[in-house]
Amino acid sequence: MKKIKIGLLPRIIIAIILGIAIGTIFPAPLVRIFVTFNGIFSEFLNFSIPLIIVGLVTVAIADIGKGAGKMLLVTALIAYGATLFSGFLSYFTGVTVFPSLIEVGVPLEEVSEAHGILPYFSVSIPPLMNVMTALILAFTLGLGLAALHSDALKSVARDFQKIVVRMISAVILPLLPLYIFGIFLNMTHSGQVYAILMVFIKIIGVIFLLHIFLLVFQYSIAALFVRKNPFRLLGRMMPAYFTALGTQSSAATIPVTLEQTKKNGVSADIAGFVIPLCATIHLSGSTLKIVACALALMMMQGMPFDFPLFAGFIFMLGITMVAAPGVPGGAIMAALGILQSMLGFDESAQALMIALYIAMDSFGTACNVTGDGAIALIIDKVMGKGTGK
């Protein structure tokens, strides 16, 4: 019989529903088992974050740095600018809208230990380095590898990247549903789940509207370059949008994105360069979600969320997103380090960020790949080859 494969998003949803459904009837000794697992998994996650940063960011920066030519530079700058714009759009919208939607003072720190339930035992797994050290090391190695003529160290870096991606896809992501089940089990056990769920629903609604606005804005800008109807250009990209909704992967959607981009009048050589590159370096939808979710959780906890703090976070997030691996939920894994080091997110806040992010992963990926088509239109015009049908 053919094995039925359930995707990450359905497993996360099932975990949340089960955690809420049985949280009120589970006896404390059983809840304690999941508190124990969550404690160990949190330690492993904290240990993994610096490795994820070094493994992914190093190769991403080396690959961008070694590429030559005006087209690469222009594409990278436009993609980074689009990612920054989505981050700041998300921040200013959240600051304006969220205060009326969010109840301040929900203590997330109590989620991991509902009503004082302690784990049966704990395992300490100290990370090899802190997050900022990992970031600086990744930048140093990445820029150094880009300048080297030898491929020996690059091969080692790529092998380490493969190990990190395998760790994410084979260990962290399969265990995430169980981790999130434990979080929601504890929230239900402590009576916090309904307040937090209401915030989830409101935030997801706002982010969905924001990502629709972002796509219309991106294609309006592209339309100014090619002097065509932005809605017609955006309409031709819908097959790519819906393919990304189903696959949850920018990489898996590249063939469809490429074909639809060429139908918008982008020359084959420009589309063949820009679309695969932007599948890696342009993550406007992911950045929009992460900033909005982080802002919402900080408001819930009464943490400061001033503009200078988030400006630095958004600039760093734009760089970190380049390293997001092509697996569902990869972007939030790459971002956990700076959420921890720059915004002060603890294990409970990180777990809720993961749950919130993956609940909207399909829409963020669809926003990313559809926006790639707008960047290709601009690059095509800038490089003097565009027709913009």
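Me: Let's start with helix packing. At roughly what angle do the axes of helix α5 and α14 cross, and within what distance do they come?
Reply: This is a predicted model, so keep that in mind throughout. In it, the axes of α5 (residues 152–189) and α14 cross at roughly 115° and come within 10 Å. That makes α5 roughly perpendicular to α14, because angles of 65 to 115 degrees count that way.

Me: Is that crossing of α5 and α14 left-handed or right-handed?
Reply: Left-handed.

Me: And which residues make the contact?
Reply: From α5 you have L176, Y179, I180, I183, F184 and M187. On the α14 side, the contact is made by E347, A351, L352, I354, A355 and I358. By class, that contact has eleven nonpolar residues, no polar ones and one charged.

Me: OK, what about α11 and α14? At what angle do they pack?
Reply: About 135°, with the axes of the two helices 10 Å apart. Here α11 covers residues 284–300 and α14 covers residues 347–359. The two are therefore oblique to each other. As for handedness, α11 passes α14 in a right-handed crossing.

Me: Who meets whom there, α11 to α14?
Reply: S286, K289, I290, C293, A294 and L297 are the α11 residues. They meet A349, L352, M353, L356 and Y357 in α14. Sorted by class, the residues of the contact of α11 with α14 are nine nonpolar, one polar and one charged.

Me: And how far apart are the axes of α11 and helix α13?
Reply: They're 12 Å apart, and α11 and α13 (residues 330–343) pack at an angle of about 40°. That pair is therefore oblique, and the crossing is right-handed. On α11, S286, I290, A294 and M298 make the contact; on α13, A331, I332, A335, L339 and L343 do.

Me: Stepping back, how many helices and strands are in the protein?
Reply: There are 15 helices and zero strands. The protein has 389 residues, and buried ones make up 52% of them. If you take the contacts with a separation of 6 or more, residues 24 or more positions apart account for 86%.

Me: Let's zoom in on α11 again. Is V291 buried or exposed?
Reply: V291 lies in helix α11. It's buried, with a relative accessible area of 0%.

Me: What does V291 touch?
Reply: Leaving out residues up to four places away in sequence, V291 touches G87, S90, Y91, F310, F313, I314 and L317. With F313, the C-alpha to C-alpha distance from V291 is 8.7 Å, and the two are 22 residues apart in sequence.

Me: Switching topic: where does T36 sit?
Reply: T36 is in helix α2, which spans residues 28–66. T36 has a relative accessible area of 5%, so it counts as buried, the cut-off being under 20%.

Me: Which residues does T36 touch?
Reply: Not counting residues up to four places away in sequence, T36 touches P119, Y120 and F121. A polar atom of the T36 side chain also lies 2.8 Å from the backbone nitrogen of Y120.

Me: There's another threonine I spotted, T243. Which helix is T243 in?
Reply: T243 lies in α8, residues 238–247. T243 counts as partly exposed, at 25% relative accessibility.

Me: What lies 2.6 Å from a polar atom of the T243 side chain?
Reply: The backbone oxygen of P239. Not counting residues up to four places away in sequence, T243 touches T253 and V256. T243 and T365 are 122 residues apart in sequence, yet 9.8 Å apart in space, C-alpha to C-alpha.

Me: Last topic, backbone angles. What's phi of R227 near?
Reply: Near 55°, a positive value in a residue other than glycine. Most residues other than glycine have a negative phi.

Me: Where is R227 found?
Reply: In the loop between α6 (193–226) and α7 (230–236). R227 is exposed, with a relative accessible area of 71%.

Definitions and conventions: Residues numbered from 1 in each chain as written. Predicted model: local features only at pLDDT ≥ 70, side-chain atom pairs only at ≥ 80, totals over all residues. Heavy atoms only, no water. Axes fitted to C-alpha atoms, helices over the stretch in contact; angles between N-to-C directions. Helix = DSSP H or I, 4+ residues; strand = E, 2+ residues; numbered from the N terminus. Parallel < 35°, antiparallel > 145°, perpendicular 65-115°, else oblique. Left-handed = near helix turned anticlockwise from the far one by under 90°. Contact = heavy atoms within 4.5 Å. Nonpolar A, V, L, I, M, F, W, Y, C, P; charged D, E, K, R; others polar. Buried < 20%, exposed > 50% of the residue type's maximum accessible area, 1.4 Å probe, protein only. Polar contact = N/O pair within 3.5 Å; in protein donor to acceptor, adjacent residues only side chain to side chain.
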